[in-house]
Amino acid sequence: MLLNIKELNKTFGDLHVLKDINLSVGKNEFVAILGPSGSGKSTLFQLIGGNQTPNQGEILLNGESINGKTGFISYMPQQSSLFPWRTVLENVVLAAELNGKPDYEEAKLWLEKVGLAEFANSYPIELSGGMKQRVSFIRALLSKQNLLCLDEPFSALDEFTRLKMQKWLLSVWEENRKSILFITHSIEEALFLADRIYILSKRPAQVKAEIKVPFSRPRDESLLETNEFFL
Ligand code: ADP
Ligand code: MG
């Protein structure tokens, strides 16, 4: 297993948010997390990303503890964390910049793939919510860790763009051999994308069910064709 979470507990004061969470993600696996609003899904990602520390339990990446450590996963938070004073392109290379290797050409290529090439020099305030989500997505992708954690990445998109992004994510996943942990509140989205689904209870979030998706995704090339994606 790439990611192994064991008996994870998190409280904020008296508020018990995560309770005895056990969860894993295998190499090249696509895992979705479903759960009610306010149950603790984003908090779980904060812990995996090292922005919060657990009260109890372990988060292991390749067998090593990453409790409280940042920089080990690619993470797209639920709330836009784009810097308003940086252009789209400057935002996209941010994570790579922290690793010391910003590649502007590669960044431009990815922006083009999600239909945002012409916004490279725009500022976040000039973008719609859906566009900002796509920029955050590219930024996470370019931090190039093996585990990509996406917190409701397509929630601000219209149906049409969401479908395009879902198909595109599958092709990115297949081409780049990533492991993906994906939070959504759409059962349909989870079934379409994931190999395995964890269902969390309301707060304090506990794993209520783990479902292995019993059918394979449609994988024919025409479905994953990305050329005509972004209008
Ligand atoms: P979800 O993503 O499932 O909607 P969250 O993880 O965002 O849920 O939030 C779970 C609960 O934890 C909510 O009640 C929220 O108010 C609370 N919470 C999240 N972060 C903090 C924090 N830093 N301090 C205090 N309470 C928090
Ligand atoms: Mg959330």
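I call a residue near a molecule or strand if its C-beta atom, placed from the backbone, lies within 6 Å of it.

**Entry: ground rules.** I am working on a predicted model, where local features need pLDDT of at least 70, side-chain atom pairs count only at pLDDT 80 or more, and totals for chains, interfaces and linings use all residues. Residues are numbered from 1 along each chain as its sequence is written, while chains are lettered from A and ligands numbered from 1 in the order in which they are written.

**Entry: the ligand.** I looked up which residues lie around ligand 1. I found Phe12, Leu15, Val17, Gly35, Ser37, Gly38, Ser39, Gly40, Lys41, Ser42, Thr43 and Arg203. I then sorted this shell by class: three residues are nonpolar, seven polar and two charged. For these classes, Ala, Val, Leu, Ile, Met, Phe, Trp, Tyr, Cys and Pro count as nonpolar, Asp, Glu, Lys and Arg as charged, and the others, Gly among them, as polar.

Which elements each supply at least two residues of the shell? Strand 2 (15–25) and helix 1 (41–48) do. Helix 1 gives the most, with three residues. I take helices (H or I, at least four residues) and strands (E, at least two) as DSSP runs, numbered from the N terminus.

**Entry: the whole chain.** I noted eight helices and 10 strands in the protein chain. Its radius of gyration, taken over C-alpha atoms, is 17 Å, close to the 17 Å that the globule rule gives for 231 residues, so the chain is as compact as a globular protein of that length. The globule rule is 2.2 Å times the number of residues to the power 0.38. Of the 231 residues, 37% count as buried. Buried means that 20 or more other C-beta atoms lie within 10 Å of the residue's own, with C-beta atoms placed from the backbone.

**Entry: the core.** A nonpolar core is a set of buried Ala, Val, Leu, Ile, Met, Phe, Trp, Tyr and Cys residues joined through C-beta atoms within 7 Å. The largest one here has 61 residues, and Val31, Ala32, Val92, Ile138, Cys149 and Phe182 touch the most other members. Helix 5 (residues 129–142) provides the largest share of this core, seven residues.

I followed up on isoleucine 138. Leaving aside neighbours within four places in sequence, isoleucine 138 is in contact (C-beta atoms, placed from the backbone, within 7 Å) with Val92, Trp110, Leu111 and Val114.

Entry: I traced an open sheet of four strands, in the order 2-1-4-5, with antiparallel pairing. Two strands pair if DSSP finds at least two bridges between them. Strand 2 and strand 5 (64–65) are the edge strands.

Notes
A residue is buried if 20 or more other C-beta atoms lie within 10 Å of its own, exposed if 12 or fewer, and partly exposed in between; C-beta atoms are placed from the backbone. Two residues are in contact if their C-beta atoms, placed from the backbone, lie within 7 Å.
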